[in-house]
Amino acid sequence: MITLSLIGIGTGNVDHVTLAAVRALNAADVILLPRKGEAKSDLIDLRRVLCGELLDEAASTRIVEFDLPTRDGERPYLNAVDEWHNAIASVWAELMDTHLPSGGRVGMLVWGDPSLYDSSLRIAKRLTDSGRAVEVNVVPGITSLQVLTAEHKIPLNALAEPIQITTGRRLRERGWPEDAATVAVMLDSGGEFTTLPQDDTYIWWGAYLGMDKQCLIKGRLSEVSDEIIERRAALRKTHGWIMDIYLLAKQFLI
């Protein structure tokens, strides 16, 4: 039997890692760290730092790094993601067979929380659906959305009003979600908020949240939209990658 713990680690800031996550890391026999290529080397570097700081010196936990399969960017999105997840599940299975042939405890460090725009649970389900003896545990983590609101010092929702969490693609295709007073947007490939009316919408934007390179911008879209687009492009050029998120509202939240 393999016990697979999907451990939410927040934004990569050691101060955002919960005590439950620390216990789960130290209980693992093997921790699997994915490499996503040179352009995103910061992501595995942060995972290495977290392991170095949070694992007990006496722990017998082994750290195993592996190359994450890449998604086919030419195929239709959902089909490509489905095949990509299948490929990742196969790699996980191979690593488990290699490093824990008699069973044991595996830890996976998941950015933010495994429940929010992360596919680790879907990939793990492929293992159990295939008949493998895998028990999945989830350790919740602080999400980038929580860090965004904390850094901007705002509530997530307008008073007694609903909020919708969506993606940049959906925002572009469908516009402002019906009945949502505030909208949180993740996985935006670059500036889909420009498709919205600018004068009556506010934005709270953040990139690299919780990291030393964190960047924040807020204001009325008509005043800061161009600034965000330019800053985002400059940051991506400098670092080779970017993770950002933003909150939109029809009224100033505080």
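Q: In what sense do β7 and β10 pair, and over how many bridges?
A: β7 and β10 pair in the antiparallel sense, over four bridges. Two strands count as paired if DSSP finds at least two bridges between them. Strands (E, at least two residues) and helices (H or I, at least four) are DSSP runs, numbered from the N terminus.

Q: What kind of model is this?
A: It is a predicted model, in which local features need pLDDT of at least 70 and side-chain atom pairs count only at pLDDT 80 or more, while totals for chains, interfaces and linings use all residues. Residues are numbered from 1 along each chain as its sequence is written, and side-chain values use heavy atoms, with hydrogens and water left out.

Q: Back to the strands. Which residue stands opposite Y246 in β10?
A: That is V185.

Q: How many bridges join β8 and β10?
A: Six, and the sense is antiparallel. W204 has L247 in β10 as its bridge partner, and I203 has L248 there.

Q: What is the strand order in the sheet?
A: The order is β6-β7-β10-β8-β9, five strands in an open sheet with mixed pairing. β6 and β9 (215–220) are the edge strands, each pairing on one side only. Neighbouring strands are turned by 15° against each other on average, with direction ignored. The axes behind that angle are lines fitted to C-alpha atoms (for helices, over the stretch in contact), and angles run from 0 to 180 degrees between N-to-C directions.

Q: How many of the residues in β10 are buried?
A: Six of its six, so the strand is mostly covered. Buried means under 20% relative accessible area, exposed means over 50%, and partly exposed is in between (1.4 Å probe, protein chains only).

Q: Which way do the β10 residues point?
A: D244, Y246 and L248 point one way, I245, L247 and A249 the other, and all are buried.

Q: Which residue forms a salt bridge with R170?
A: E173, with the closest N and O atoms 3.4 Å apart. A salt bridge is a side-chain nitrogen of Lys or Arg within 4 Å of a carboxyl oxygen of Asp or Glu. Both residues lie in helix α6 (residues 168–174), three residues apart, which is about one turn of the helix. E173 is partly exposed at 47% relative accessibility, and R170 is partly exposed at 37%.

Q: Why would side chains pair like that?
A: Side chains of opposite charge can pair when their charged atoms come close.

Q: How many salt bridges does the structure hold?
A: It holds 14. One of the pairs is D29 with R105, where the closest N and O atoms are 3.3 Å apart. D29 is in the loop between α1 (19–27) and β2 (30–35) and R105 is in strand β4 (residues 104–110), so the pair links distant parts of the chain, 76 residues apart.

Q: Where do K250 and D200 lie?
A: Their side chains meet in a salt bridge, 3.9 Å from N to O. K250 lies in the segment after β10 (244–249) and D200 in the loop between β7 (182–186) and β8 (202–207), so the pair ties together parts 50 residues apart in sequence. K250 is partly exposed at 37% relative accessibility, as is D200 at 39%.

Q: Which residues are linked in a network of salt bridges?
A: R35, D45, R48, E65 and D67.

Q: Different topic. Which residues form a nonpolar patch on the surface?
A: Y117, I165 and L187 do, with about 280 Å² of accessible area together. Patches are made of residues with over 30% relative accessible area and no salt bridge, joining like charges within 9 Å and nonpolar side chains (Val, Leu, Ile, Met, Phe, Trp, Tyr) within 5 Å. Accessible areas come from the Shrake-Rupley method with a 1.4 Å probe, and for residues only the protein chains shown count as cover. I165 is in strand β6 (residues 163–167) and is partly exposed at 33% relative accessibility.
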